[in-house]
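Take a walk through this model, one packing contact at a time. Keep the sequence at hand.

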Amino acid sequence: KRTERLKSLLASILKLPPEEFDDLIIMNPSLPADFAGGKSGILDVRAGLSDGRQINIEIQVLPFPMMPERTLFYWGKMYTQQAGEGDSYTEFKKCITINIMDYNFSLVKKVHSVYHITEDEDRSRLTDVLEVHFLDLEKLRSGLGIKGLDPSMLKWLRFLAAKRKEEFEMLAKEDKELNRAYERLQQVSA
């Protein structure tokens, strides 16, 4: 199945058991405008789980100075479009954004940074419905912030950061999921 590699990647980034993603579906990536003349959006990958949680994966190759603002815009649209008029606030489910940056993203100091809404002083979390991940592949290549990364996440990040065929082949030999991902990449590239 095409979603198997995505499930493996998500489990490694979100530090959740793979079976958490057994019901993963790929959703329509469009985020329509809320009103005439309003701003819409198109996500790179939008996935959903049967419990209503949504995951957005964005891959940004070129530097984009407004990445935090775009991230919150996309997250906000995913979140607010879950419920209709008259629905209870209990209908809203967690939305997770994963940004994979292929350049030195100066706002983060390590390979993997996770953001939530927290109180400034005591760091208590206001809510758990917002979760934003930044994965900086350039920092990975330079070795910044690798210490402490989960081995399953590190293998996927090295695969995503690979630039040369030899790197892909070496990683594919080390892991069956990466081998399948590399085979799929070759098919898509053909």
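This is a predicted model: local features need pLDDT of at least 70, side-chain atom pairs count only at pLDDT 80 or more; totals for chains, interfaces and linings use all residues.

Residues are numbered from 1 along each chain as its sequence is written, and side-chain values use heavy atoms, without hydrogens or water.

Start with α4, residues 151–161. Helices here are DSSP runs of H or I with at least four residues, strands are E runs of at least two, and both are numbered from the N terminus. Helix α1 (residues 3–14) packs against α4 at about 120°, and their axes lie 8 Å apart. Axes are lines fitted to C-alpha atoms over the stretch in contact, and angles run from 0 to 180 degrees between N-to-C directions. The pair is therefore oblique. That class holds the angles left over once under 35 degrees is called roughly parallel, over 145 roughly antiparallel and 65 to 115 roughly perpendicular. In α1, Arg 5, Ser 8, Leu 9, Ser 12 and Ile 13 meet Ser 152, Met 153, Trp 156 and Leu 160 of α4. Contact means heavy atoms within 4.5 Å.

Now turn to α6, residues 176–189. Its axis is 11 Å from that of α4, at an angle of about 20°. That makes α4 roughly parallel to α6. Lys 155, Trp 156 and Phe 159 in α4 meet α6 residues including Leu 178 and Tyr 182.

Salt bridges number 16 in the whole structure, each a side-chain nitrogen of Lys or Arg within 4 Å of a carboxyl oxygen of Asp or Glu. One joins Asp 34 to Lys 77 at 3.4 Å, N to O. Asp 34 sits in the loop between β2 (30–31) and β3 (41–42), and Lys 77 in helix α2, 43 residues apart.
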